[in-house]
Amino acid sequence: MQLDVNIQRVLFNLIEERTENPNELIKELEQLLCIENRSLRNRQRGDTYLTLPEFYRLARHYKISLDDIAIRLENHLSDHTGLEVKLTDVSYLPLLSGEFMELKHYIENLRYEFEKLQNQGDHAWLKMTCTEVPLVHLMAFEELAYFKIYTYYYHIVKLDITFEEFLKKIQPLNLSEHFKAISEAYGSISSEEIWDGFTFEKLLRLLAESVFFGKFEKQKTLDLLLGQIDSLVDYIKTMVAKGEKMHGGTVELYYFESVMRESFVLTGSDDIPAEAMLKIFMIQSVGIKDPDFSTYLDLTFQALKGRSNPANKCSELVKTKLMKKLSKQVEDYREKVMKM
């Protein structure tokens, strides 16, 4: 709460420094925000929070960037609390329009990151918290990967076309070769992964939702996706039973019995965390390269792992129970979509 107030106060301090007419500032601010003097004073003191549109309107009018605020805030906190506030670079490739070249760049960048990790050999590792089935898992099942991407586009970009039309539009991108390379890289890297009871079900929900809203033109498209879901289930069962992936990597799966809120991928080599990818929504994520932040996420992962059951190392009875639950989820949703 106090940090939020400080951000607001820093904004007003920067405005006072940059205004060309100090004597007219109060009147100018009242007009910009469409509020009376008392309401303005409450915002300047931090007694009332600026709304996001108000914050944006002031920052844009006085040409104040978030970097300006962050640097001033860093100095303020260091002087008054002795705390160090770090500015960290993030990498982010937005998927916000129906122009699919940005999708091609996104997948190419994902391939680069996984192949770079793969080239480190046995020293490389992945740690993943999976609130839903990650895209890299689906790339061994091509149409499922395309389907996950498609659902992102109709949820976020509001792309109002069928799945079959989507496949035609992105066919010129030749993403299949990238899917194969990413799948092989992931399959060769040892990983620790935490799943919960809804991780797989979210994929099935997307399928049922797509059927309900008429996103498929042909029954054979749905049959193909259901067949690939069956293959994915068989692959997951192999990972649970043997602790092995398709291309030689080992995997330790953990089952979190509650609902996970955090979803991230942490990469590293030997005992050193290197880079984090935080999931924003479905397939969209940001990459963060900061040793302190990576160490924090590693501790977060260990805490979640400590509250989870090791699926690979549990008794055969528990393994069988987990596999039956997975199969039942698929059968329940298969019956649901067929009724639709």
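Me: What makes the second largest cavity a cavity, and how is its volume defined?
Reply: The second largest cavity holds about 40 Å³ of space. It is called a cavity because, on a 1 Å grid over the protein atoms alone, a 1.4 Å probe fits at its points but cannot get out. Grid points are joined across faces, edges and corners, and the volume is the space filled by probe spheres set on the points. This is a predicted model, in which local features need pLDDT of at least 70, side-chain atom pairs count only at pLDDT 80 or more, and totals for chains, interfaces and linings use all residues. Residues are numbered from 1 along each chain as its sequence is written, and side-chain values use heavy atoms, with hydrogens and water left out.

Me: Which residues line the second largest cavity, and what makes them lining residues?
Reply: They are Val-136, His-137, Ala-140, Ser-183, Tyr-186, Gly-187, Tyr-235, Met-246 and His-247. Each counts as lining because it has an atom within 4 Å of a point. H10 supplies the largest share, three residues; helices are DSSP runs (H or I, at least four residues), numbered from the N terminus.

Me: How do you know how the lining of the second largest cavity divides by class?
Reply: Ala, Val, Leu, Ile, Met, Phe, Trp, Tyr, Cys and Pro count as nonpolar, Asp, Glu, Lys and Arg as charged, and the others, Gly among them, as polar. The lining therefore divides into five nonpolar, four polar and no charged residues.

Me: What is the volume of the largest cavity, and which element gives the most to its lining?
Reply: The largest cavity has a volume of about 270 Å³. H14 gives the most to its lining, with five residues. By class, this lining has 11 nonpolar, three polar and three charged residues.

Definitions and conventions:
1 Å grid on protein atoms, 1.4 Å probe; cavity = no way out; pocket = protein on both sides within 12 Å on 5 of 7 lines; lining within 4 Å. Helix = DSSP H or I, 4+ residues; strand = E, 2+ residues; numbered from the N terminus.
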